[in-house]
Amino acid sequence: MIKLVIDGKPVEAEEGANLVEAAGENGVYIPTLCYLKGEPCIGTCRVCSVRVNGNVTAACSVTVDDGMEVDVDEPEVADMRRALVEALFAEGNHNCPSCEKSGRCELQAVGYETGMVVSRFPYRYPPRDRDVGARHLWLERDRCIFCQRCVEHIRDRTSGHKIFSINGRGSRARIEIDVELADQMPPEQVREAMDICPVGCILEKRVGFDVPMGQRKFEVQTHRERATEGTSNE
Amino acid sequence: MSSSIQSILHRYGSDRTRLLDVLWDVQDEFGYIPDDAVRELASGLNTTALDIRETASFYHFFRDRPSGRYTLYLSNTVIAKMKGFDAVSKALQAETGACFGGVDSTGTFGLEQTSCIGLSDQEPAMLVDKVVFTRLTPEKVVDIIARLRQGETPEQIANPGGLPPQALDYVDALVESNIHQAGPVFFDRGTRVREVLERWLGRNPDELILAATESRLRGRGGAGFSVGLKWRLCRESDADTRYVICNADEGEPGTFKDRVLLTRSPLQVFAGMTIAAHATAAREGIVYLRAEYFYLKAYLEAQLQLLRDEGLLGRDILGRGLDFDIRIQMGAGAYICGDESALIESCEGKRGTPRLKPPFPVYQGYLGKPTAVCNVETFATVTRVMELGASWFEGLGTKDSCGTRLLSISGDCARPGIYEIEWGVTLNHVLALVGARNARAVQLSGPSGECLSVEKDGHRKFCYSDLSCNGSMMIFDYSRDLLGVVRDFMQFFVDESCGICTPCRSGNEDLLRKIDLFMAGKARPSDIDDLQSWGRIIQRTSRCGLGGTSPKPILTTLGKFPELFEAADHPAHDTLLPSFDHVQAFSAYDRAHAALDKERS
């Protein structure tokens, strides 16, 4: 075990542990969106930004070190995290009340946790095309936050090829789906793809709204509780 | 199609990591990258068509649809706009019959704009496919287009003497070098490459690392990392092989020194790579050359062959047992590939997305092996340091900043071009040197650097602790619209953000829209606060240096020229929220009605 300081409080963590996990185990919540426990860090959303030894860093990309000083609750860096969540809301088209992922959407859950009320950035209302070409699932790109979890973690089980990929660069980039490979996905992988999507972009066809409101994932247990009580957020 | 695709794949051993080369060859063959070709590449490279597109769509010189027999890329850098861009772009559209972003009706000319192509000393400039034309005027455009229509090739027009592209004369026929001040490190006389290699390749690599460390040479790419330390870390990394990469992706707007170094002193650069290879125990080297410099490729390859023929490159160099060879990797249009980890990804045939660090490339770089990436200028300096000695080099410049610095000077001055200065000279000194008489502002180190006020900063010194310049220096006089310059730079970052992280992808667009409010006179005082706080968020939370620096045009200009933003204190509109244009907002109703009526009828 090594010793570090989080928000002025000395804590212990396992050597080599990821900072998000080490903080969670000590009861300190760090919001995350692209991070998945146990998977290699992809570091795209930056919503887990904290101060490490004075410098702002994405916590998911940090391995804890002896003597490390971490600030999570410090107001400026907390505001940065909130700003990034707001930016994601302003960048796409997110209508929680009509979204089938509401209540189990990580963006929504993290929005609550970071204290977001309304986006400080102008809403863009970008026109985005949905893709319904695959047999078992579809892409509602209005809600994509470009975290790339699907690109990195969902692969064809025989060839290892990507099922989801990126096209374009910068703010014009979008997620594509390989229809041929997607149509060969077994049902549990289709469900995995939908669950791995932190928002309501990847959706399974024909099973919408299958969990009643009030019983959905983050309604039963919040994002914060899951991160600090060792329950998976995936 | 099949046989040509197969032969392209064969050329690169069906190696997925050579995808950029493969895509270039496909585009050269078909004029763009067709879907059929992509499907065939996918099966030949054991991947999917969308995976190929994932890489191709990252680079703006790769085209996914036909773009005419010739594709013309006009540089739209801020310097070009000061030197006649508008007239040239109008002439191009009139003569070709194409609009920017499209192709003319006969399918002959595709017209595009592109960011700085490394010719700020001779703008306006454009690429016609891979050939470059400089100092454009409307008359020149009329002539070029007419001759292309008559069947002359771009090469024939740019190089009427019919010189072979391997020759230095060919490069000189296309572009000027414009070296106005040579100094002790570069250009004053040829470095004796053979002598340097003979002296150092027989020695223990530790001696080389020591010499580099003692000279206190720091990387010239911008970060200023100690070259000796980089080599030592790379050498000490446990691995079966290592790589040396020369970063020639000179993409920072306003800089063109690497273009001139590669033109005038390529052997000095390659020898520096060979010395680095001996120091780090690398066997292979790569020059990552930006696509905008395609016209240098044949020449550089001939220079590499020259070294091989003389036994200074390849197997058992000079009989000293060192095997080291260099290949040229062409980029395909992405500023972000100037970041060393993005550059490495690109060399591996992938999107140029910066990697998460750690691990740093000296531990895990190209193909996962320890890799020493240095800039063109750094390698050229290495050779000179090894020729004349660490103590000679250390004696140049100032105590903390040793040696000299190449400046690419452009904008409002009498003599734009290349200047070698010793560290320690002042901004005013350089401005007098280049004949900048009425200078108001200087953008130092490109958009990612800082805006300086000549009045306030003229006495400041070029050195790592003060004006630590990466080589780009753009000068603006009192007639220029500085806010327009800031807007241009922000547009550049919006276009060049790779999009992988939220703050850079989203935030730069927000900053751009804010600047538009100021330019339209619709900003209010709180917009200045937003610029500062949003800029800070982007700088602090972005994944790489692009977002880490992209708000700087705004933040540093705001610091030096607050009066430019003062309009916000006196909004033109007497409304609560000047950015809200009620006339425009209500017109949406009429537009929607008109559209509906059209649909119904």
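How many residues of chain A are in contact with residues of chain B? The model is predicted; local features need pLDDT of at least 70, side-chain atom pairs count only at pLDDT 80 or more, and totals for chains, interfaces and linings use all residues. Residues are numbered from 1 along each chain as its sequence is written, and chains are lettered from A and ligands numbered from 1 in the order in which they are written.

The interface involves 29 residues of chain A, in contact with 28 residues of chain B. Contact here means that the C-beta atoms of two residues, placed from the backbone, lie within 7 Å. On the side of chain A that touches chain B, the elements giving two or more residues are helix 2 and strand 7 (164-167) of chain A. Helix 2 of chain A gives the most, with 6 residues. Helices (H or I, at least four residues) and strands (E, at least two) are DSSP runs, numbered from the N terminus. By class, this side of chain A has 13 nonpolar, 10 polar and 6 charged residues. Ala, Val, Leu, Ile, Met, Phe, Trp, Tyr, Cys and Pro count as nonpolar; Asp, Glu, Lys and Arg count as charged; the others, Gly among them, count as polar.

Chain A holds an open sheet of 5 strands in the order 2-1-5-3-4, with mixed pairing. Two strands pair if DSSP finds at least two bridges between them. Strand 2 (9-13) and strand 4 (55-58) of chain A are the edge strands, and each pairs on one side only. On average, neighbouring strands of this sheet are turned by 40° against each other, direction ignored. Axes are lines fitted to C-alpha atoms, for helices over the stretch in contact, and angles run from 0 to 180 degrees between N-to-C directions. Strand 1 (residues 2-6) and strand 5 (residues 69-71) of chain A run parallel and are joined by 2 bridges. Val5(A) has Glu69(A) in strand 5 of chain A as its bridge partner. Helix 2 (residues 75-91) of chain A lies across strand 3 (49-52), strand 4 and strand 5 of chain A. The helix runs at about 155° to strand 3 of chain A.

Chain B contains 26 helices and 16 strands. Its radius of gyration is 25 Å, close to the 25 Å that the globule rule gives for 601 residues, so chain B is as compact as a globular protein of that length. The radius is taken over C-alpha atoms, and the rule is 2.2 Å times the number of residues to the power 0.38. The C-alpha trace of chain B spans about 80 × 65 × 50 Å along its principal axes.

An open sheet of 5 strands in chain B has the order 9-10-8-7-11, again with mixed pairing. Strand 9 (314-317) and strand 11 (371-375) of chain B stand at the edges with a single partner strand each, so one side of each is left without a neighbour in the sheet. Neighbouring strands here are turned by 25° against each other on average, direction ignored. Strand 7 (residues 243-248) and strand 8 (residues 284-289) of chain B run parallel, joined by 6 bridges. Ala248(B) stands opposite Leu289(B) in strand 8 of chain B. Strand 8 of chain B also runs parallel to strand 10 (residues 322-330) of chain B, with 6 bridges between them. Glu284(B) stands opposite Asp325(B) in that pair. Strand 9 and strand 10 of chain B pair in the antiparallel sense over 2 bridges. Ile317(B) has Leu322(B) in strand 10 of chain B as its bridge partner. These two strands form a hairpin with 4 residues between them, and Leu318(B) in the turn has a positive phi of about 55°.

Elsewhere in chain B, helix 23 (residues 525-541) and helix 25 (residues 552-560) pack at an angle of about 135°, with their axes 9 Å apart. The contact is made by Leu531(B), Gln532(B) and Gly535(B) of helix 23 and Ile554(B), Leu555(B) and Leu558(B) of helix 25 of chain B. By class, the contact has 4 nonpolar, 2 polar and no charged residues.

Some backbone features of chain B remain. Most residues other than glycine have a negative phi, and most peptide bonds are trans. The peptide bond from Glu123(B) to Pro124(B) is cis, with omega near -5°. Pro124(B) lies in the loop between strand 3 (109-114) and strand 4 (126-128) of chain B. The bond from Lys357(B) to Pro358(B) is also cis, with omega near -5°. Ser14(B), although not a glycine, has a positive phi of about 45°.
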